Amino acid sequence: MEQLLAIGSQALRKAALNEDAKAYIIENESLFKILKRAANRYIGGENLPETVNKVIKENSREFKCSIEFMGESTRTVKESMEAKDEFINICNSIHSQNLNSTVSLDLSHIGLTISEDLCFENISAICTAAGDKEVIISAEGTERTDAILQLYKKASKEFSNLSITLQAYLYRTKDDFVDIIKEKGRIRMVKGAFETEKGLSLPRGNALDDQYLYYVEQLLSQQHLCSIATHHHEIQQEAKALINKYQPGKETYEFESLYGIQTEQLTKLKEEGYPTKLYFVYGKEWYLYVCNRLAEYPLNLFRALEDVMEENI
């Protein structure tokens, strides 16, 4: 069974990177509507108002949230500027509706693949609009890691509300971590979800779990702002022990989960008094996101089939 799940997970991660498949689904109205029924379990909605309604509900349950407009790899200045404007709309909605929420984004969505200068101008505008709210740079494929970290270090010197995501499964993160922890921005630790070339990353398993907890311990012991972004129950329990060791009564950390993924665990952590955050995404570019969510536990494909068929039964 484990071997079959691993094969399914690998296939889904490869499917997530298939730009032709994504374009076909987005352009095919009937197929888009059908598959979106499965996506709805994991996304805030197609637009910002739908997502804000869900954030308001989760805020009322005492969850902090984060909002991301889905998308990456914009190829034109026009597309990147439109994405920047949408992120500013998120910032304005957070302030006008007094939401307990941060903003998350991919740098390639706001122009990194076009020009570093363009991307820097756009992230600067978003950080300014965010004000006292955090702006969190998400992780992307390994071919962009250098550019992402370089721009983060540059921008974080001007904006104290800027944070970064590091991927524990990458071998290079050991060196990146030593460099990035010198910055004041929050470090969001994830295991890593992207397919990589052989030799660049640790496979899922005990070694990766230990590596993830190593980074969490370093962050907690140094009182550095961090997000413990994992759905792994055992890791969450180990992290609790580290928190009790290094940060009793302090809150430089938060536990984070993706909306729709094992949120009962996050609810339990919240009830125990730990700071918690739910991560929302919205938009039409949900193909890659949902493929990666299903890849984390391929048996969820059966739940996706149930969601797709629900309205037809």
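This is a predicted model: local features need pLDDT of at least 70, side-chain atom pairs count only at pLDDT 80 or more; totals for chains, interfaces and linings use all residues.

Visitor: Which salt bridge does Arg186 form with Glu254, and what's the N to O distance?

Guide: Their side chains meet in a salt bridge at 3.9 Å, N to O. Arg186 sits in the loop between H8 and E5 while Glu254 is in strand E7 (residues 253-258), so the pair ties together parts 68 residues apart in sequence.

Visitor: And is Glu254 buried or exposed?

Guide: Buried, with a relative accessible area of 3%.

Visitor: What about Glu134 and Arg186, how far apart are the closest N and O atoms?

Guide: 2.9 Å, in a salt bridge. That one links distant parts of the chain too: Glu134 is in the loop between helix H6 (116-130) and strand E3 (135-137), 52 residues from Arg186. Glu134 is buried as well as Arg186.

Visitor: Which residues are linked in that network of salt bridges?

Guide: Lys64, Glu134, Arg186, Glu254 and Lys277.

Visitor: Switching topic: where do Lys153 and Asp179 sit?

Guide: Lys153 is in helix H7 (residues 145-156) and Asp179 in helix H8, 26 residues apart. Their side chains form a salt bridge at 2.6 Å, N to O.

Visitor: How accessible is Lys153, and how about Asp179?

Guide: Lys153 is partly exposed at 25% relative accessible area, and Asp179 is partly exposed at 28%.

Visitor: Last one: how many salt bridges does the count come to?

Guide: The count comes to 17 salt bridges.

Definitions and conventions
Residues are numbered from 1 along each chain as its sequence is written. Side-chain values use heavy atoms; hydrogens and water are left out. A salt bridge is a side-chain nitrogen of Lys or Arg within 4 Å of a carboxyl oxygen of Asp or Glu. Helices (H or I, at least four residues) and strands (E, at least two) are DSSP runs, numbered from the N terminus. Buried means under 20% relative accessible area, exposed over 50%, partly exposed in between (1.4 Å probe, protein chains only).
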